[in-house]
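Trainee: I would like to learn how to read a fold from its atoms. Can we go through one together, feature by feature?

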Amino acid sequence: MLILTRRVGETIYIGDSICLTVYDKLCYHVMLGVLAPPSVPLIVNGVKMRGAALGDGTSFYLLTLLSQDR
């Protein structure tokens, strides 16, 4: 597992085709935006997510992740 720290507005690139951006951070959750080709499945907690299709052929996912620490 790789753990990275990013601030709101910062982006992580995975290879040439996947882009992960931090959109919002509040006390116990973080909102992430993921851009990926449709051929790359996004699976969160065992559930395959379905992204919104964009005009350039990529899929956009908007995720809100809750922290385990309270």
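The dialogue below goes from the overall fold to single residues.

Mentor: This is a predicted model, in which local features need pLDDT of at least 70, side-chain atom pairs count only at pLDDT 80 or more, and totals for chains, interfaces and linings use all residues. Residues are numbered from 1 along each chain as its sequence is written, and side-chain values use heavy atoms, with hydrogens and water left out.

Trainee: How many helices and strands does the secondary structure of the protein come to?

Mentor: Elements are DSSP runs, numbered from the N terminus: helices are H or I with at least four residues, strands E with at least two. Here the tally is 0 helices and 7 strands. From the N terminus the order reads β-β-β-β-β-β-β. The C-alpha trace spans about 40 × 25 × 25 Å along its principal axes.

Trainee: What share of the residues counts as buried?

Mentor: Buried means under 20% relative accessible area, exposed over 50%, and partly exposed in between, with a 1.4 Å probe and protein chains only. Of the 70 residues, 20% count as buried. The protein exposes about 5600 Å², and carbon and sulfur atoms supply 57% of that area. Such areas come from the Shrake-Rupley method with a 1.4 Å probe; for residues, only the protein chains shown count as cover.

Trainee: Which residues form the largest nonpolar core?

Mentor: In soluble globular proteins, nonpolar side chains tend to be buried together. A nonpolar core is a set of buried Ala, Val, Leu, Ile, Met, Phe, Trp, Tyr and Cys residues joined through side-chain atoms within 4.5 Å. The largest one here has 6 residues: I18, V34, A36, L42, Y61 and L63. Strand 3 and strand 7 are the elements that give two or more residues to this core.

Trainee: Where is Y61 placed, and what does Y61 touch?

Mentor: Y61 sits in strand 7. Its relative accessible area is 6%, so Y61 is buried. Contact means heavy atoms within 4.5 Å. Leaving out residues up to four places away in sequence, Y61 touches L32, G33, V34, A36, V40, L42, M49, R50 and G51. I18, counted likewise, touches I12, Y13, V34, L35, A36, P37 and V40.

Trainee: Is S59 buried or exposed?

Mentor: S59 also lies in strand 7. S59 is buried, because its relative accessible area is 9%. Beyond its neighbours within four places in sequence, S59 contacts V34, L35, A36, P38, G51 and A52.

Trainee: Which residues lie closest to the centre of the largest pocket?

Mentor: On a 1 Å grid over the protein atoms alone, a pocket is an open set of points with protein on both sides within 12 Å along at least five of seven lines; lining residues have an atom within 4 Å of a point. The largest pocket holds about 680 Å³ of space. Its lining has 18 residues, and L4, L20, V30, L32 and L65 are closest to the centre. Strand 1 (11-14), strand 2 (18-25), strand 3 (29-36) and strand 7 (59-66) each supply at least two lining residues.

Trainee: What is the phi of N45?

Mentor: Most residues other than glycine have a negative phi. N45 is not a glycine, yet its phi is positive, about 50 degrees. N45 is in the loop between strand 4 (43-44) and strand 5 (47-48). With a relative accessible area of 78%, N45 is exposed.

Notes: On a 1 Å grid over the protein atoms alone, a cavity is a set of points where a 1.4 Å probe fits but cannot get out, and a pocket is an open set with protein on both sides within 12 Å along at least five of seven lines; lining residues have an atom within 4 Å of a point. Grid points are joined across faces, edges and corners, and a volume is the space filled by probe spheres set on the points.
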